[in-house]
Amino acid sequence: MSGGGCSIVWFRRDLRVEDNPALAAGVRAGAVIAVFIWAPEEEGHYYPGRVSRWWLKQSLAHLDSSLKSLGTSLITKRSTDSISSLLEVVKSTGATQLFFNHLYDPISLVRDHRAKEVLTAQGISVCSFNADLLYEPWEVNDEEGRPFTTFSAFWERCLRMPYDPEAPLLPPKRIISGDASRCVTDNLVFEDESEKGSNALLSRAWSPGWSNADKALATFVNGPLLEYSQNRRKADSATTSFLSPHLHFGEVSVRKVFHFVRIKQVLWANEGNKAGEESVNLFLKSIGLREYSRYMSFNHPYSHERPLLGHLRYFPWVVDEGYFKAWRQGRTGYPLVDAGMRELWATGWLHDRIRVVVSSFFVKVLQLPWRWGMKYFWDTLLDADLESDALGWQYISGTLPDGREFDRIDNPQFVGYKCDPHGEYVRRWLPELARLPTEWIHHPWNAPESVLEAAGIELGSNYPLPIVEIDAAKVRLEQALSQMWQHEAAARAAIENGMEEGHGDSADSPIEFPQAMQMEMDHEPVRNNNPVMVTVRRYEDQMVPSMTSSLFRAEDEENSSVDIRNSVVDNRAEVPTDVNVAEDPRRNMVDQAAVQTARTNATPHFNFAVGRRNSEDSTAESSSSTRERDGGVVPVWSPSSTNYSDQYVGDDNGMGTSSSYLQRHPQSHQLMNWQRLSQTG
DNA sequence: GTAGAGTTCTG
DNA sequence: AGAACTCTA
C-alpha cells in the first residue's frame with residue numbers, strides 16, 4: 001500500500017500460511033512476493049537426507065498451492081548463496097521490504113544476521129519475527145538474567161513466564177501478489193531418479209503440508225493425547241503425535257500446538273480428569289525439549305559439533321567402521337537395537353524411546369563417536385533437525401549438565417521388555433526372529449538350542465550374536481574412562497607447568513566422519529557431476545541386507561500407510577546435523593562491532609563467561625529489547641563475538657582455566673562421576 | 001506408624 | 001545406576 005514497493009516474504013522452515021508473522025506482515029504492508037531459496041550447500045556437511053528432501057518437496061508444493069488460492073504463488077530459487085539470491089529478487093521485483101521468521105541453528109544465525117545487514121545497506125527495510133518458538137531464547141533467563149543450563153529449570157520458567165506465548169494468527173484472507181514477472185523461478189530438484197522409488201513409499205505414510213499438519217494436530221489432540229502418559233513409552237503404539245516433521249518444516253506453529261493443547265488441558269482439569277491433565281504436561285514437555293534445543297543452539301552455537309561439557313574431551317572413542325556399519329544395518333545382535341535401526345532405514349521414523357535406545361547403544365556399548373551417529377540420523381530421519389538432534393545426542397552422551405551419566409549403560413535386553421514387552425516391535429522389524437517366543441525375544445543368545453531351532457534361527461548365521469557383550473562393554477568403558485583420566489591428568493600437569501595452552505591439542509578436533517559417510521554427504525545428486533556412481537554407492541552402503549526389497553514390497557503392497565506409521569515416534573525430533581561454523585574463518589576475527597551488537601541486543605550468548613557476568617552487563621537492556629516482537633530483534637549471533645575455546649572446553653574440563661558452563665554445575669553428576677573416576681584412575 | 005521391598009522416574 | 005516414591009505386612 002505504501003509507496004508502491006512490494007515486500008518479499010522469505011519462507012524457510014515456516015512453510016505455512018497460518019500463524020506466520022512474516023507473511024502476515026507482508027500482507028499488511030501491501031503486495032507480496034513469496035520466495036523460497038534452496039541453497040543446501042550453505043549447510044555444509046548437513047545436506048538434507050533423502051527423506052527429508054522428499055518432505056520438503058511435498059511441503060513446498062502444498063504451500064505453493066495454498067498461496068495460489070490466496071492470490072500469489074511461491075517463487076523458488078536454486079542458489080549457493082541465499083543472500084545474493086535475495087538481492088536478485090529484490091532487483092527484479094523492486095521490493096522495498098523483506099520479512100522473514102527466525103531460525104536458530106548456527107548457520108542460520110550467521111546467515112540471517114548478514115542478510116539483515118546486507119539488505120538494510122541496500123535500503124531495504126528488513127523485519128524478522130518469532131514464528132518457531134513460544135519465547136525467544138533471549139526472553140528466558142534466570143533471576144540473574146543468565147540463560148538456563150538445565151532443561152527443567154528452563155521449562156519451568158517458560159511455563160511461568162509473566163506473559164503468554166503469542167496467540168496464533170489466522171491465515172490471510174487473500175494476498176495481493178507483487179509483480180514477479182521479471183523474476184525467474186527455478187525448478188528445484190530434490191530427488192534423483194534412483195530415489196524416486198523409495199520415496200514413493202513415503203507418501204503412503206505421510207502427508208506433508210501445513211493443512212495436513214493441522215489435521216495431524218487435531219487428530220492427536222482429540223485422540224491419543226488423552227492417553228499419552230500411559231502409552232508414551234511403548235515402542236510400538238501409535239500414540240505419539242507424529243508432528244515432528246511438520247514442526248521441523250514449520251508447517252504448524254508450536255504456538256498453535258501449545259494453545260490447542262492447553263485448551264484441552266483446561267477442559268480436562270475442569271472435569272477432574274487427572275490422567276488427561278498429566279498427559280498434556282508430558283506432551284508439552286516434549287514440546288519444551290524442542291524449544292530448549294533452539295535455546296541451546298542459540299546460546300551455544302557449536303553444540304551440534306562439540307560437547308557442552310568437556311569432561312569427555314580425552315575419551316578414546318572407538319573408531320571402528322565395522323561397528324558403525326553393523327549398527328546402521330541393524331546387525332548388532334541386540335534385537336531391540338536392530339529393530340530400531342531397520343525401522344529407521346525403512347521408514348525414516350523412530351519412536352523417541354527407540355532413538356534413545358539405539359543412540360545410547362551407539363555411544364555406551366559400541367563407544368563410537370556420537371557425531372557419527374548424529375550424522376546418520378541426519379541422513380535418514382524424516383524429521384531430521386539439527387538442534388533437536390544435537391540436544392538428544394548430547395543428552396545421551398552425558399555431556400549436558402542434566403544429561404545421562406556417562407558410565408551408565410542401558411541394557412537393551414531389559415529396556416526391551418519395558419518398551420516392547422511382547423516383542424511385537426522386534427518381530428515386525430526383524431522377520432528372522434518372528435518365530436522366537438517372547439521369553440527370548442530380547443535375548444536370543446540365551447535361548448536353548450531347541451527353541452532357536454524351532455524358530456528357524458541360527459545365531460551367527462541368519463541373525464548375529466551380540467557384537468559386543470554388555471559386560472565386556474562395561475569393562476571396556478571403565479578402561480576407557482581411566483585412560484581418559486590419565487590423559488586428562490597429563491594435560492593438566494602440562495598446563496600447570498606452563499608447557500602449553502590448555503586448548504588446541506589433538507583431543508579438541510572432532511573425529512572425522514568415516515570415508516563412506518563423507519562420500520554420502522559430499523556427493524549430492526544436484527551438484528554432483530556423476531550422480532549415477534554416487535547414488536549407487538550410497539544405496540549399497542546404507543542398504544539393510546536382511547530386509548531388502550522383500551520387506552519393502554510386502555509393507556508396500558498390503559499394509560499401506562497405517563502400518564508403516566505404526567512404528568510411532570513421538571513428536572520429538574532427534575536428529576543431528578552439523579554445520580561447519582567452527583571452520584568459519586570469521587570465528588577468529590575480532591569483531592568488536594559484533595560483540596557490541598550482541599551485547600546490547602541482550603542476546604545472551606554463551607560465554608561472556610564469568611567476567612562479563614559480574615559486570616552489570618546487558619541484563620537490563622536485554623529485558624527491554626526483548627519484547628519488541630515485531631520487526632525487532634533478529635537473533636543476532638556472530639561467530640566472531642564469541643570466544644570459542646572459552647566456550648566449552650575451558651568450561652568444564654576442571655582445569656583452572658575453567659569458566660562458565662560447568663562451573664555452574666559443580667553438583668552435576670557428570671562432575672562427580674568424573675572425580676570419582678579420577679581417583680580410580 | 002514404620003521398615004523394607006518393590007516400582008517408577010529420570011532431559 | 002540411583003533417588004524418590006509407593007505399597008505392603
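Visitor: Is Ala384 buried or exposed?
Guide: Buried means under 20% relative accessible area, exposed over 50%, and partly exposed in between (1.4 Å probe, protein chains only). Ala384 has a relative accessible area of 0%, so Ala384 is buried. Before we go on: this is a predicted model, where local features need pLDDT of at least 70, side-chain atom pairs count only at pLDDT 80 or more, and totals for chains, interfaces and linings use all residues. Residues are numbered from 1 along each chain as its sequence is written, chains are lettered from A and ligands numbered from 1 in the order in which they are written, and side-chain values use heavy atoms, leaving out hydrogens and water.

Visitor: Where is Ala384 placed?
Guide: Helices (H or I, at least four residues) and strands (E, at least two) are DSSP runs, numbered from the N terminus. Ala384 sits in the loop between α15 (370-380) and α16 (386-397).

Visitor: Which loop holds Thr240?
Guide: Look between α8 (228-231) and α9 (244-248). Thr240 counts as buried because its relative accessibility is 2%.

Visitor: Which residue has a positive phi of about 45 degrees although it is not a glycine?
Guide: That's Asp19, in the loop between β1 (7-11) and α1 (21-29). At 0% relative accessibility, Asp19 counts as buried too.

Visitor: And what is the phi of Gln367?
Guide: Gln367 isn't a glycine either, yet its phi is positive, about 55 degrees. You'll find Gln367 in the loop between α14 (352-365) and α15, buried with a relative accessible area of 1%.
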